Every structure is written in C-alpha cells, then in structure tokens.
Amino acid sequence: MPLTSSPTTRAAFSINGAEHQTVGPYLFDGYRLHPSAWDELFGRGGDPHDHCCGLVERLGRLHVSEFLGRRTSADLAFVNQGITFSVYADRRGVEKIFPFDLIPRPIPAVEWAKLEAGLVQRIKTLNLFLHDVYHDQRIIKEKVVPEDLALGSKGFRKEMVGFTPPGGVYVHICGTDLIRDAAGNFVVLEDNGRTPSGVSYVLENRAVMKKVFPQLFQDIRVKRVEDYPRRLRDALASVAPAGAGAPPCVVVLSPGQYNSAYFEHSFLARHMGVELVFGPDLFVHDDVVYLKTTRGPQRVDVIYRRLDDDFLDPEAFRPDSLLGVPGLFRAYRAGNVTLANAVGTGVCDDKAVYPYVEDMVRFYLSEEPILKNVKTYICARPDDLAYTLDHLEELVVKAVNESGGYGMLMGPSSTAA
C-alpha cells in the first residue's frame, strides 16, 4: 500500500504526584523538556511564557493533594456523563473515557488570530480544489497536483464529476490537526474533510474545566466555545437547497450507537435542537428526502451525515449497506437535499494529496500559505522511500486513502519487522 511519512516530535514531560514539591510559586518540580520539543507553558529557561504567567501562578498555589483531588473530580464528571469513545483496534472493544489534561494550553489572542486566518485560507483552498477536481481539473492539467494521486485516490468519486453541491460548498466542517514545531509555530499535520469528529469533547472539556477550576475563568479572559452548536446549526441551515422550509429541516445522520463517535452525534443533535436519525428513519420519494415522524412524513433539507460515502446509499454505493438511505444520492444530485460534508471530499484529505496543499493555496488564491505543512516524504518516490526506511525510528508512516489514524505506524515504537 502506498505510504507517506512525516517526522514526529518526541518529548519527555513527567509529573509524578508523589514526588511533587512546590518550588517558588510553581508546582512543577522535576520538569524535563526535550530540546526538540516546544512546551506550552514554559520557555527554554524554565520561566513561563508571558501569556502563561497568570495560569502558572494560580496552579502553583495548589497543594499536590488538592490538584490530584481535582483530577479525580474531572474523571468522575466524564464517567457520570458518559463522555466516552471507542478504539476499533482495541480487541477488548471497550469504551474509554476521553483523555483530559487538567493543565490547559493557553493560546494568546494574537496567535489565535493568525491561526484562524490560516485555517480559513486552508479550508477555502480545499473547497476550490474539490470544485476544480470535479469540474475543469485545471490543477491537474497544469501539473500542480499529479493526476494519478488525485483521480486515483479512493476518496475521488466519479459520481460527483460535473455536480456542484448547494451553495458550492463541499467541506462544511473541517477537522485540521495541528502541532507545534520546535520553535513553537503551528503546523498542519493533516486535514480531515470527510466526517471529522471531536468537537463535542472540546465543549465537554471546557464544561468540566469550569467546574474544576472556576476561578481561572473569573480572572483570565477566555474565548467562548459554548456557542459552537448554534454556529454549526446556522452554517448548515445557510446551505439548504432552494425550496427548503423556513427554517430548513436539519438532521444528524448517525450509523448508530456502536460507532466510536456516537456520543458526539447525540451531543451535537441535542445541542443544535435537531433530530438524531438513523438510516431507517429516512426515506426518499420523488427524489425528496423525508423523515418518518408520528405526525407523518417531514421533508428533510440538510443532512449532517456522520457516516462514510460508501454507506450513504445502497443504490449508489455499497449495495450491502444497511446504514444509509436508498435513493439519497439521487435526491442529492437532484438538488433537493444538502449533505454536509459533500460526497467525494476524501480526495482533498488523502495523505498523498496533503503535501500539495501549500501549492494549492498559491495556485487558487495567489497567496502564500499562512500555515505550513509538516515535512512529508512520499514513499512512491525512490529517494523519499530510501530516506523513510533509513529514518523510520523518527517518522510517523501513514497509509494513503485512509482517514484519521487508520493504517498508521508510529516509527519510534515500531519493531524492525
């Protein structure tokens, strides 16, 4: 299987509660920082970054036992609220409590503004690329992106060629993974433009943090995240097709309770005030999608779908799928319903296409990328393959055509085999 690889930063940062002592105003004795790593709280000299001084000072007032007690309170909050996720690779098949770091990562407003601008630039570019690759394919004809990587991607859907989704938007919700380099600059690790998940944990983390450390939010100005469900609902309603109701009928389509992100599906539907539905709850008649209700059929205008392309419609894709809705893609092509995200967005977050996103920004926007990619080696190239094999212990290797963490090899923890 074709692979791409990128460097991983290894850091050693250990806090052992039994050995902690308060040193000066700070709790963090025994602190160790790898020279190639960036720390969110402390500079190279061991002093807090300027924007972290208030946070570190407040945390430093806590006795170790009090800190550990709040750690326990946070864990109990996650357990009691059922905030869990599943790892399919775990053969035990157990749900896990989402990991929660009691020490937050402060980002100053000026840095956040740059980060936001870079993400807006990037998602705009990805949408332009998707429209282009399903229409004129200029970026392929001008050899900016290799044809075999784009059109040969598993995420490329020939059924979308020549079709423009409502509002011209392909990626409505994008999950861009960011890390910091050794100098502290944010760089993009990957884009997730298919069915990204994780935002519900951001919201729940904030709620738990407010309960555990309420004084931090009284003394430090922190940007709100609680309005995300409203913003998401408004964004989905804004791309409703012509002829939609007022307000449009928006639903969240989930594959069901055994999906690893089912908690998030139900969480977002509840907080947006829309229906959480499964495939059998919907049907298509005369190329229009309807929701079965106790009051009779209700037309559906926008579907925030949380299942992959293959399972959306057994008539158009996998005929053995019991998760989707027969005729859904036909209704979509007829312009009677909006799917968010659009079908075929996987070509823009393919691991082999990712190295070309910076060139896409220049091609479509005539701008320099605000956010850079992680240095990446494409193993289809002989030189890159040789480098990868010689430096495997320093790299993360990813299978192309996969999303999220599927098909990934962590070089530092891998065996020779």
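A nonpolar core is a set of buried Ala, Val, Leu, Ile, Met, Phe, Trp, Tyr and Cys residues joined through side-chain atoms within 4.5 Å. With that in mind, let us walk through this structure, which is a predicted model.

**The nonpolar cores**

The largest nonpolar core here holds 51 residues, and Phe129 and Ile303 have the most contacts inside it. Several elements each supply at least two of its residues: the helices α3 (109-133), α4 (138-141), α5, α10 and α11 (357-365), together with the strands β6 (250-253), β8 (282-285) and β9 (288-291). Helix α11 gives the largest share of this core, with 6 residues.

Leaving aside residues up to four places away in sequence, Phe129 touches Ile139, Val145, Val347, Cys348, Val353, Met360 and Tyr364. Another core lies apart from the largest one; this core has 37 residues, including Phe100, Phe267, Ala269 and Ala340.

**Aromatic pairs**

Now to the rings. A search of the whole structure turns up 12 aromatic pairs. One of them joins Phe163 and Tyr332: the planes stand at 70°, over the 60 degrees that marks edge-to-face, so the pair is given that name. The ring centres of Phe163 and Tyr332 are 5.1 Å apart. Phe163 sits in the loop between α5 (147-151) and β4 (175-180), while Tyr332 belongs to helix α10 (residues 328-333), so their pairing ties together parts 169 residues apart in sequence. Phe163 counts as buried because its relative accessibility, 9%, is under 20%. Tyr332 is buried too, at 0% relative accessibility.

A second pair to look at is Tyr377 with Tyr387, which is stacked. Tyr377 is buried, with a relative accessible area of 12%, whereas Tyr387 is partly exposed at 29% relative accessibility.

Here are the two pairs side by side:

| Pair | Centre to centre | Angle between planes | Arrangement |
|---|---|---|---|
| Phe163 and Tyr332 | 5.1 Å | 70° | edge-to-face |
| Tyr377 and Tyr387 | 4.4 Å | 20° | stacked |

Elsewhere on your tour, look for Lys210, which lies over the face of Phe217 at 5.7 Å from the ring centre.

Definitions and conventions
Residues numbered from 1 in each chain as written. Predicted model: local features only at pLDDT ≥ 70, side-chain atom pairs only at ≥ 80, totals over all residues. Heavy atoms only, no water. Phe/Tyr/Trp six-rings, centres within 6.5 Å; stacked < 30°, edge-to-face > 60°. Helix = DSSP H or I, 4+ residues; strand = E, 2+ residues; numbered from the N terminus. Buried < 20%, exposed > 50% of the residue type's maximum accessible area, 1.4 Å probe, protein only. Lys NZ or Arg CZ within 6 Å of the ring centre and 35° of its normal. Contact = heavy atoms within 4.5 Å.
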